[in-house]
Amino acid sequence: MNAWFLLLYDYVPDYLERRVPLREEHLRLIREAHARGELVMAGAHDDPIDGAFDGGAIVFKTSDRAVVERYAEADPYVKHGLVTRLRIRRWNVVTGGE
């Protein structure tokens, strides 16, 4: 049975500048996980705090938490230090997401 997981990222203050050389690889991983049916949606927070975009969220639907862990380990934003903190949380969806 598939479960919902949130992959939550906190970003460095200069995330927008530092992501430029890594963005295409990051988006490729997103597209591939989406094509496999593991990743449902993804995006960065769109309300900057103190002028900085500070985080993002990726929603997964999978039977295996390790899928989310492997995604995070492969993400260039994580590997190159743009993510200062990540959390994987099982998400109890009450409505929607059929």
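**Close-up views of a predicted model**

**View 1. The side chains of H26 and D75 are joined by a polar contact of 2.9 Å.** A polar contact is a pair of N or O atoms within 3.5 Å, where within protein one must be able to donate a hydrogen and the other to accept it, and residues adjacent in sequence count only if both atoms are side-chain atoms. This is a predicted model, in which local features need pLDDT of at least 70 and side-chain atom pairs count only at pLDDT 80 or more, while totals for chains, interfaces and linings use all residues. Residues are numbered from 1 along each chain as its sequence is written, and side-chain values use heavy atoms, with hydrogens and water left out.

**View 2. H26 is found in helix α2 (residues 23-35).** Helices (H or I, at least four residues) and strands (E, at least two) are DSSP runs, numbered from the N terminus. H26 counts as buried because its relative accessibility is 6%, buried meaning under 20% relative accessible area, exposed over 50% and partly exposed in between (1.4 Å probe, protein chains only). Not counting residues up to four places away in sequence, H26 touches Y71, D75, P76 and Y77, contact meaning heavy atoms within 4.5 Å.

**View 3. Four strands form an open sheet in the order β2-β3-β1-β4, with antiparallel pairing.** The edge strands, each pairing on one side only, are β2 (39-44) and β4 (83-91). Two strands pair if DSSP finds at least two bridges between them; strand β1 (residues 3-11) and β4 pair in the antiparallel sense over 8 bridges, and Y11 stands opposite V83 in β4.
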